[in-house]
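Hi,

Here is the structure I said I would pass on. Have a look at it first, then read my notes below.

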Amino acid sequence: MTTASAPGKIILFGEHAVVYGRPAIAVPVAQVRAEATVIPSRDTVRILAPDIGRELELTTAPVDNALASIVRFTCERLQVKAAGFTVEVHSTIPVARGLGSGAAVSVAIARALTSFFGQELSAEDISGLAYRVEVLHHGTPSGVDNTVIAYAQPIYFVRGRPFEPFQARRPFLIAIADTGVNSPTRIAVGDVRRAHDAEPERFDELFDQIGETADAARQAIVEGDIEKLGPLMSRNQVLAQMIGVSSPEIEALVNAAAEAGASGAKLSGAGRGGNVIALVNDESRERVEGAMRKAGAKRVLVTRVE
Ligand code: PMV
């Protein structure tokens, strides 16, 4: 029996624009995790995900099923026959809330299978396998989710280029508040694509501006200028509204966070629902958490970016 796990993630800056080649910044969130265990069994391959009531037989699973796909892709990569084991998945990462649950489950399964078969794969290989599943699910993923989760470190990411890891000169706290609204990435990404197709110049300009917030934020983070981050988050949120991926639930949490003393707040991930992130400190943290709960957050957790 072998077990492996992977963290959740948040995108600090640059979601959506990253699909169009602009930079994004993402960090792992260790408080939420996906875990996969591989147990030897007879003949067939079964995949169990009791938390979401899913039970699959590999031979009969739909070709585009994410759980079955990562098992198939990993076995192909390891050059082993997909037979004679059961994969059981558990995850504390909420599904379809912008915290990378799909990529984390893929990474955990790929890692657990790799060690089950006594082999080793690099983080790059594991990330690549998870990326193939993301492609099945939302067509044109930038690759930011699978990368930050497979490497489990803060990254500055531009599609199609090697990512650049970075370190925060001064650690900072991000409150992550769940709107409670499911938002499949595929739908938001598809809507943005249609909007971009209809008004390419306007959207390219907005994507440029989103990319600029990501660049400025990286500089502020590595230089320890945390004061600059809040206004950049708020700027990114305004731009996210303009590309059509905010929502009343998101705005309620963003406004509540700002009124309670967060120095900036924005959606994180695909938007339309999912999670809102707010920059807090030891002094504002409890007030902001309380205000976001009062404004409808289903749960709030605080992560430290080092
Ligand atoms: O999977 P989510 O909800 O974290 O969103 C991913 C971020 C997007 O930029 C919207 C899509 C992508 O492929 O980068």
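Where does the ligand sit? The ligand is in the largest pocket. For that search, a 1 Å grid is laid over the protein atoms alone, and a pocket is an open set of points with protein on both sides within 12 Å along at least five of seven lines. A molecule sits in a pocket if more than half of its atoms lie within 2 Å of its grid points.

Before the details, two notes on how to read this. It's a predicted model, so local features need pLDDT of at least 70 and side-chain atom pairs count only at pLDDT 80 or more, while totals for chains, interfaces and linings use all residues. Residues are numbered from 1 along each chain as its sequence is written, and side-chain values use heavy atoms, with hydrogens and water left out.

**Around the ligand**

The ligand has 16 residues around it, and the closest are Lys-9, His-16, Ser-142, Thr-185 and Ala-270. (A residue is near a molecule if one of its heavy atoms lies within 4 Å of it.) Three elements, β1 (2–13), α4 (144–151) and α5 (185–198), each give at least two residues to this shell. Helices (H or I, at least four residues) and strands (E, at least two) are DSSP runs, numbered from the N terminus.

There are polar contacts to look at too, meaning pairs of N or O atoms within 3.5 Å. A side-chain N or O atom of Ser-142 is 2.5 Å from an oxygen atom of the ligand. For Asp-145, a polar side-chain atom lies 3.1 Å from a ligand oxygen. Ala-270 uses a polar backbone atom instead, 3.0 Å from an oxygen atom of the ligand. Taken alone, the ligand exposes 370 Å², and the protein buries 95% of that (Shrake-Rupley method, 1.4 Å probe).

**Helix α4**

α4 is worth a look of its own. Seven of its eight residues are buried, so the helix is largely enclosed by the rest of the structure. Buried means under 20% relative accessible area, exposed over 50%, and partly exposed in between (1.4 Å probe, protein chains only). The buried ones are Val-144, Asp-145, Asn-146, Thr-147, Val-148, Ile-149 and Ala-150. Their cover includes β1, β2 (24–40), α2 (101–116), α3 (123–138) and β6 (155–157).

Take Ala-150, which is in α4. Ala-150 counts as buried because its relative accessible area is 5%. Leaving aside neighbours within four places in sequence, Ala-150 is in contact (heavy atoms within 4.5 Å) with Val-107, Arg-111, Ala-123, Ile-126 and Ser-127. Ala-150 and Glu-120 are 30 residues apart in sequence and 14 Å apart in space, C-alpha to C-alpha.

**Two alanines with positive phi**

After α4 comes Ala-152, with a positive phi near 50 degrees. Ala-152 is in the loop between α4 and β6, and counts as partly exposed because its relative accessibility is 43%. Ala-96 has a positive phi as well, near 60 degrees, in a residue other than glycine. Ala-96 lies in the loop between β5 and α2 and is partly exposed at 26% relative accessibility.

Finally, Thr-86 is in strand β5 (residues 85–91). Is Thr-86 buried or exposed? At 12% relative accessibility, Thr-86 counts as buried. Not counting residues up to four places away in sequence, Thr-86 touches Thr-37, Val-38, Ile-39, Ser-41, Arg-46 and Leu-48.

Cheers

Conventions:
A polar contact is a pair of N or O atoms within 3.5 Å; within protein, one must be able to donate a hydrogen and the other to accept it, and residues adjacent in sequence count only if both atoms are side-chain atoms. On a 1 Å grid over the protein atoms alone, a cavity is a set of points where a 1.4 Å probe fits but cannot get out, and a pocket is an open set with protein on both sides within 12 Å along at least five of seven lines; lining residues have an atom within 4 Å of a point.
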